[in-house]
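Hi everyone, thanks for making time. Let me put a chain up on the screen and walk you through it.

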Amino acid sequence: MVKNILDGRYKIIKIIESEGLAHTYLAQDIRRPGAAECFIKHLQPSISDQKFLEIIRRRFQQEAQILEKLSQNNQIPKLLAYFEENQEFYLVQSFIPGKSLDNEILPGRALSEIQIIRILIEVLEILVFVHRNNVIHRDIKPANLIRRKLDNKLVLIDFGAIKEINIAQPSRTARIGTMEYMPIEQFEYNPQLNSDIYALGMMGIQGITGLPSSELSKLKYQENGNKKEIFWRNRINCSTALADVLDKMVRYNYRERYQSATEVIEDLKEIRYNLNKTSKIKAYQEEVIRRASYRGDISPAGRGILEALRENLELSQEETEIIEDDILNPYRKYQEKGKKYEQRLRETIQQEYPFTNETLEELKYLQQVLGLTQEDVKLIEDRVVPKSLFLKLKKTFINNYQRASISWLLIVRFVTITISVIFVIYIYIKLQNDYKIQQEKILRKEQQEVAQLNLLRNLYRERNYEDCISKNTIITENSSVFSEAQDILQKCKQGKNWENYQVEDFSQYLAAVSSVVFSPDGKMLATGSRETTVKILEIPTGKVINTFPADDSIIWSVAFNSDATQLVAGTYYWRVMIWNVPTVAEEPFQIFEHRAPIWSVVMSPDDEIVASSSGDKRVKVWNLKTGSLIFSFPDHSDTIYSIDISSDGKKLVSGSADQTIKIEDLDTGDLINTLNGHTGAIRSVKITPDGKKIVSGSYDTTVKIWDLKTGKLIKTLSGHTAEVISVDISRDGRYIASGGKDNNIKVWDLEKGELLNTLTGHTDEVYTVAFSPDGNSIASGGKDRTIKLWQR
């Protein structure tokens, strides 16, 4: 075949592969300038078998059609031509100079996690395009991925095994692919889009373990209880996050596998971000160690280097401060130990000098306890211990006396020296007293600063951020604790603004969570959901401590009474149900009814009445003890989604799909005011603890603050990008929390109307938010079937 010319233009220059009836050639297109190189796939079927010939013709036509469609992606070879000569078939594709991944994924050489993630993401991005066109490659493996020499990008080749599918009408197909990378459904003639994800996952396991491809089959389908899964983690020390992703890519059951390449990319990018973050932190740590002095200080020039490095690594100020503290604090603590030794040495000198042997032994033991080196102790003693002039004079006098006889000159000298010694001793004692007074002042100031620092520490530990910030600090800039005090104050400011929040996921529900509310002591959380039961969780563990079966319908709203001894719930089957909380699974002791689903329930502060709102366009107020209906407010013209009662129990506020807020008098039953301003259904209303303002959340994506007395609009808070479903107000009246269909929770300063922070973590719409009684936690639930506890 070499040097043959096909279709009058393609000159064969090399046979790349020849197996049975299929051949692959490297050729030149002699009709193009420069005789550009190309690949030619040649199928040479048996001419006598017309049925087989027709199958091959159909397969080649199918591959040509699909390759033409996929050629829009520059990481897939372009289809240049397709033709048939003498009942033999030829497919011409663009030539890709480069080497296959077989040259990178080698037996015995495990790749790093970063290398594996980089390869997986690049291939998955190609598969996103391929699968979007309803195409399964069916033979993903290192040999079919070429590292293009031009730009070092991967190119997916060999689409001879592909099959275009109709998702609505799946059909069996030929078993095509490589056994080591083939999932069970493909082996059983039923390939899925995520069969390619399985093959790529096997390739990832091959790369991370360094196993040869021939060993992959030995990992397959080992029994794990009732499941058949791949066991490979014992072969390599791999991060749990990446191992979990690879395991999910190669699940035996394709329904439990990742369903799209996009899902895998998102998880891998998060792992890559964390790995990059770790390497950045390590680089900064190494530079801090290089720049730190033995005292734990950093020079101005070193500080400039670290600041430039922080910006290059894109690390936050808080992150770098934590790194520096971890590294420098041991140096600083050692320096503090030196100061302690010096202070005790000065105090000892004031009591006795020269030192007795016992005192010297005690100082030696103190040095050992503090862990100070002999060199550092000598530097301290040279600076502190006085040179005994008296001893030197005494020695001089004795030597002179031995060398000469007593004379009047010697007596004069002796008297002069004695007077000088007395004067020196007087000056020394005076200086020591002045020094002692100064040290006592410094010590008192240090004690005051330490007391202030301990106060700030306690306030921060107790999450009393507002009091922490309001304290006027007496700690000066030259104080040894100034840096720590400023750090605590900064953390308190961040805590106040919910910038350093932590989030904890509670138990996964089987359906969307529609309502959460804290007990007045903050130790319990009542939840309502589409699971049709009311559950009470223990805070902070999230353990379910009680479950109340309702009426087999959705629980839209739950509320505690003032001492958490009673619980009320509103159901989709029109009922208001009330239980005694300490009991377990007891029947409700009181049930009230509407003529449509109940959307909101609330109990009065004195526990005497229960109010409920419904799709029947009415708010009903009931006497809890007698069960009698007190009021039935008919003022709305559409579903009433939310109600609240003021802290004095005299006013009821309701929000409706009719885009209005109504204020009712609970003494007289009169309508006091109607508030207009929202342009969408009002989904949630709350009254501030002081009873002066109303906060509302609406499908118009805004949160509004109203004056309850005048009905005037005070502020409109914009920030959500979709409908607002729930709002709540902290018990101190300082903050608003809002949740909506944009999957986010926003925390606002109620007085200023400013957005403090956005809490992200829910993967679907947020249906309910609630502040804890101390204002330091927010509970939330939503369509993603989880309850989250956010703590600042």
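Let me start with a term: a contact here means heavy atoms within 4.5 Å. With that in hand, residues 24 or more positions apart account for 51% of the contacts in the chain that have a separation of 6 or more.

A word on the origin: this is a predicted model, where local features need pLDDT of at least 70, side-chain atom pairs count only at pLDDT 80 or more, and totals for chains, interfaces and linings use all residues. Residues are numbered from 1 along each chain as its sequence is written, and side-chain values use heavy atoms, with hydrogens and water left out.

Now the overall form. The C-alpha trace spans about 145 × 90 × 50 Å along its principal axes. Of the 792 residues, 46% count as buried, meaning under 20% relative accessible area with a 1.4 Å probe, protein chains only.

On to secondary structure: 14 helices and 41 strands, taken as DSSP runs (H or I, at least four residues, for helices; E, at least two, for strands) and numbered from the N terminus.

Let's zoom in on helix α6, residues 261-291. Its buried residues are A261, V264, I265, L268, I271, K277, Y284, E287 and V288. What covers them includes α2 (113-132), α4 (195-209), α5 (240-249), α7 (300-313) and α8 (317-351).

Conventions: The expected span of a helix is 1.5 Å times one less than its number of residues. Buried means under 20% relative accessible area, exposed over 50%, partly exposed in between (1.4 Å probe, protein chains only).
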